[in-house]
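Have the view open as you read.

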Amino acid sequence: GLLAIIDNWTYTLFYAFAELWGDVVLSLLFWAYANDTTTLEDAALVYPLFGIGANIAQYVGGVLLCFVRTAVPVTATRSA
């Protein structure tokens, strides 16, 4: 458990950064695109809407995944 994580801290750190990489890069790319496409005057109005929209999208995504999980039957596979 915990001792193995501490003993292999380099692998643990690599795994954690590998898992975070996609979220961080997508977030940076989105905000870079938002900076390129909006003017300074529009940014005061649009950026809070982007933040609110991101939070709503996370909630809706979670609800949608729960719905799909209960709606799609799970089929068990057997290995020979």
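Helices (H or I, at least four residues) and strands (E, at least two) are DSSP runs, numbered from the N terminus. With that in hand, the elements of the protein chain run α-α-α from the N terminus on. The radius of gyration is 20 Å, well over the 12 Å that the globule rule gives for 80 residues, so the protein chain is more spread out than a compact globule. Here the radius is taken over C-alpha atoms, and the globule rule is 2.2 Å times the number of residues to the power 0.38.

A word on the source: this is a predicted model, in which local features need pLDDT of at least 70 and side-chain atom pairs count only at pLDDT 80 or more, while totals for chains, interfaces and linings use all residues. Residues are numbered from 1 along each chain as its sequence is written, and side-chain values use heavy atoms, with hydrogens and water left out.

**Overall picture**

The protein chain has 3 helices and 0 strands. Along its principal axes, the C-alpha trace spans about 60 × 40 × 20 Å. The accessible surface of the protein chain is about 7,500 Å², and 71% of this belongs to carbon and sulfur atoms. Such areas come from the Shrake-Rupley method with a 1.4 Å probe; for residues, only the protein chains shown count as cover. Buried residues make up 4% of the 80 residues, where buried means under 20% relative accessible area, exposed over 50%, and partly exposed in between (1.4 Å probe, protein chains only).

**Around the α2-α3 loop**

Please look next at T38, in the loop between α2 (9-37) and α3. T38 is buried, with a relative accessible area of 18%. Its side chain reaches the backbone oxygen of A34 at 2.7 Å, and the T38 side chain also makes a polar contact with the side chain of Y47 at 3.4 Å. A polar contact is a pair of N or O atoms within 3.5 Å; within protein, one must be able to donate a hydrogen and the other to accept it, and residues adjacent in sequence count only if both atoms are side-chain atoms.

Not counting residues up to four places away in sequence, T38 touches A43, V46 and Y47; contact means heavy atoms within 4.5 Å. A34 sits in helix α2 and is buried, at a relative accessible area of 1%. Leaving aside neighbours within four places in sequence, A34 is in contact with Y47 and F50.

**Along helix α3**

I52 lies in helix α3 (residues 40-71) and counts as partly exposed at 48% relative accessibility.

**Separations across the model**

The table sets sequence separation beside C-alpha to C-alpha distance.

| Pair | Apart in sequence | C-alpha to C-alpha |
|---|---|---|
| A34 and D7 | 27 residues | 42 Å |
| A57 and N8 | 49 residues | 36 Å |
| V68 and F17 | 51 residues | 29 Å |
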